Amino acid sequence: ARRGKAAGEGLSLWIDQNQVRHFSGFPMEIFVIADGYVMPYILDPNFEKHLPVIPTEVTTVNFTWKSGGQKYFYNFYELQSFDNQILDDPVISIVSEGKIPRKPKVFSVLLLCSGNATGVASFGIGLVIKNRKGTHLPGMPLRLKLQKHCINHGPDPECDKKCANGGKCNLEKKCECPEGYMGQYCSIALCYPQCMNGGTCISPGVCSCADGYQGPHCEGGICREKCLNGGKCIQKDTCSCPKGYHGPRCQLSKCFPHCVNGGRCVGKNICRCSKGYSGPACEIG
C-alpha cells in the first residue's frame, strides 16, 4: 500500500517502504513531496497524530529524494528535539544547505536517545526548497513534527523469559523487537496510521475500535439509528445529509409541502419528481 501518489519525473521526497515497515510492521511508502507537490496530508495540522511513534530500536530515518529534470535547492533550517532530557537534537547525514540530487538518493536523519530518561519526545524537522529563481516550492516552509520513543533501562537477567511477540534477548540482556513492536519487552504494537477515536493497536496494523466506531483505523462512526433519505454515517451517531434534508438522521425535509409519489427534495422547496409525476410537490400524476 502507498500513502499518496507515486514519484513522477519531478521533484519528490519520500520514506521508502522498508523503512516504514520498521515503524508499522507493514511495507508502504510515505510521500512528503510527489512530482513537485507537497502532499496535502503533510500540511494537515493533525498529521502527526496519525503517525506511529518511532520505536527505541530505530535510530535513523532514511529519506529518498530527487529533483528530476529541474534544479532545486534545499535548506534544513530546523533540526530540534523538544525534550533534550529524552532525545538529542536530530542530525542529518548531508550538509544542511545544498542542491537536491537529480537522481534518487538517500539521506538519513539520526535520532539518538539521550540515555537520561524514558519516554516519548517530539522533534521537529524544518525544510525549505527553492527553485533556481529563488521561488519557494508551494507549501514551503515545511515543518515536520514527529515522535521518538526512548527507553533508559539496564540489563534484565530474565530478559529471555520476558521478551514478547517474537522479541529476542541479546547479549546485553535487552529485548530486540521484531518489526511492528516496541517497548522494553516488545509488548507495544505499532499501527500506521495510529488508531483513531480511542481505538487500541492490538497487533501491527490492527486496531480494536472503541464502542461506536469502525474501520481499519477506527476512523468511521457507527450510527445506532440509520441515516435516512440518502444520508451517510460519517462519525459516531452523526449523519451527513444530501441537499434538501437536515436533522440528526436527515429525517427533516426542506420542502414544504413534502414531496410525494416517490419525489425527492433536492433544495429548499424544490422537488425532483419520479417518472410520470409533476407539480411543486410531485402531486400530479
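Mentor: Let's go with Ser67, which is buried, because its relative accessible area is 3% and the cut-off for buried is under 20%. Bear in mind that this is a predicted model, so read every value here as computed from predicted coordinates.

As for where Ser67 sits, look in the loop between β5 (60-66) and β6 (72-81). Now skip the neighbours within four places in sequence and see what else Ser67 contacts: Gly10, Leu11, Tyr72, Ile100, Pro101 and Arg102.

Next, move to Leu13, in strand β2 (residues 12-15). Leu13 is buried too, because its relative accessibility is 5%. Not counting residues up to four places away in sequence, Leu13 touches Phe31, Val32, Ile33, Phe63, Thr64, Trp65, Phe107 and Leu127.

If you take contacts between residues at least 6 apart in sequence, 51% of them join residues at least 24 apart. The secondary structure comes to four helices and 25 strands. On overall dimensions, the radius of gyration is 26 Å, whereas a compact globule of 285 residues would have one near 19 Å. The C-alpha trace spans about 85 × 60 × 30 Å along its principal axes.

One more place to look is the largest pocket, with about 330 Å³ of space. Its lining has 20 residues, and those nearest the centre are Thr56, Glu57, Ile151, His153 and Lys174. Strands β11 (142-150) and β13 (175-176) each supply at least two residues of that lining. By type, the lining residues divide into seven nonpolar, eight polar and five charged.

Methods: Residues numbered from 1 in each chain as written. Predicted model: local features only at pLDDT ≥ 70, side-chain atom pairs only at ≥ 80, totals over all residues. Heavy atoms only, no water. Buried < 20%, exposed > 50% of the residue type's maximum accessible area, 1.4 Å probe, protein only. Contact = heavy atoms within 4.5 Å. 1 Å grid on protein atoms, 1.4 Å probe; cavity = no way out; pocket = protein on both sides within 12 Å on 5 of 7 lines; lining within 4 Å. Points joined across faces, edges and corners; volume = space filled by probe spheres on them. Nonpolar A, V, L, I, M, F, W, Y, C, P; charged D, E, K, R; others polar. Rg over C-alpha atoms; globule rule 2.2 N^0.38 Å.
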